[in-house]
Amino acid sequence: MLAVLSVLCLYLCSPVRGVFQKLYCSFSDSCDCDFKPNIRDLEWDLYKNVYGQHLAQDMVSEEVARFLQNKSPDRPLVLSFHGSSGTGKTMVGSMLGKHLYGSAMSSPYVHTFVPALHFPSPDRATQYREQLRLWVQGNLTACARSVFLFEEMEKMPPGVIDVLEPFLGPSHVVFRTNYRKAIYVFIGTTGEEVIDRKVLESRQAGRDREEMKPSEFQDAIAHAAYNGSLSGFFRSSVIHQHLISSFVPFLPLSRRHVERCVRRQLCQRGSCDRGDVVEAVSADMDYAPVQGHYFSTTGCKAVPAKINLFL
């Protein structure tokens, strides 16, 4: 009895308790890793606040729901977001953190990497590879249900991301971590030309954009990312070994999508009734191709600044 009490006392005392808790958390779903997924709210957020992206909305919600339903996945969920600036890629990445963790994006288990900040010098790629490996392995040891967001993949030094290959596949064993429960999201503009061209061709053929299917983009995006010299996936084993679950295309936005972005921003500022500003901002945006004025060249990214000009 005394032995049992001694062990219990030892466990309840910090820092020993923290060591056991972290080890347990790296393998268990029931630990207090702040992991509190709400798929219904994620789906609602996607469909309410992401405009013109039926493919991304469907693919992300379905992939995440399917992944979380499997209590023993054979590999982590790896999503790669592609498309032009201002189409919602970073917003959707943030929504994942928001609806998977109790403390949303402030959760210590949501990890964001930005090349300009974390990997600024291409000539230090070898050093970055080792740092990234240690960061990921250490965070997975702390919590198996970690989310890793990689922004601006087009600026990632080639070769760095390949150090993640052991963490992304089904056949590897990573010591002291249940690495198969993690989620990785790569975000970048690589492949935007392919996506924009396909959407333009579809429109010119008289098809509604909602008729477009994920299968029309997967191979083309993978090819562009793998062969693009300015891509962080250039000649990457991550793509060559088919370790990405889905390439998610973000389509270029039309004027009606920009108008919805303007209305949302105005409502957030308490000016929902300013239809004149909606018209002025959407008219002041640049659209391409020139002859058709089909798509905003900056998506919704320039909307907040332009609202300031017209309010």
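A: Let's start with α12 and α13, which are oblique to each other, because their axes cross at roughly 135 degrees and the label goes by angle: under 35 degrees is roughly parallel, over 145 roughly antiparallel, 65 to 115 roughly perpendicular, and the rest oblique. The axes, which are lines fitted to C-alpha atoms, for helices over the stretch in contact, with angles running from 0 to 180 degrees between N-to-C directions, come within 9 Å for this pair. Keep in mind that this is a predicted model, where local features need pLDDT of at least 70 and side-chain atom pairs count only at pLDDT 80 or more, while totals for chains, interfaces and linings use all residues. Residues are numbered from 1 along each chain as its sequence is written, and side-chain values use heavy atoms, with hydrogens and water left out.

Helix α13 covers residues 275-284, and α12 covers residues 255-268. Helices here are DSSP runs (H or I, at least four residues), as are strands (E, at least two), numbered from the N terminus.

Who touches whom? On the α12 side you'll find R255, V258, E259, V262, R263 and L266, and they meet V277, V278, E279, V281, S282 and A283 of α13. Contact here means heavy atoms within 4.5 Å. Sorted by class, this contact has 7 nonpolar, 1 polar and 4 charged residues. In that count, Ala, Val, Leu, Ile, Met, Phe, Trp, Tyr, Cys and Pro are nonpolar, Asp, Glu, Lys and Arg are charged, and the others, Gly among them, are polar.

Now for another partner of α12. Helix α14 (residues 303-310) packs against α12 at an angle of about 65 degrees, with the axes 10 Å apart, so these two are roughly perpendicular to each other. Their crossing is right-handed. The contact is made by V258, C261, V262, Q265 and L266 from α12, along with V303, P304 and I307 from α14. By class, that gives 7 nonpolar, 1 polar and no charged residues.

S296 counts as buried because its relative accessibility is 5%; buried means under 20% relative accessible area, exposed over 50%, and partly exposed in between, using a 1.4 Å probe and protein chains only.

G299 is another contact of V258. You'll find G299 in the loop between β7 and α14, and at 0% relative accessibility it counts as buried. The C-alpha atoms of G299 and V258 are separated by 6.9 Å, although the two are 41 residues apart along the chain. Leaving aside neighbours within four places in sequence, G299 is also in contact with S85, G86, L253 and M285.

One last stop is P289, in the loop between β6 (287-288) and β7. Most peptide bonds are trans, but the one from A288 to P289 is cis, with omega near -10 degrees.

Technical notes:
Left-handed = near helix turned anticlockwise from the far one by under 90°.
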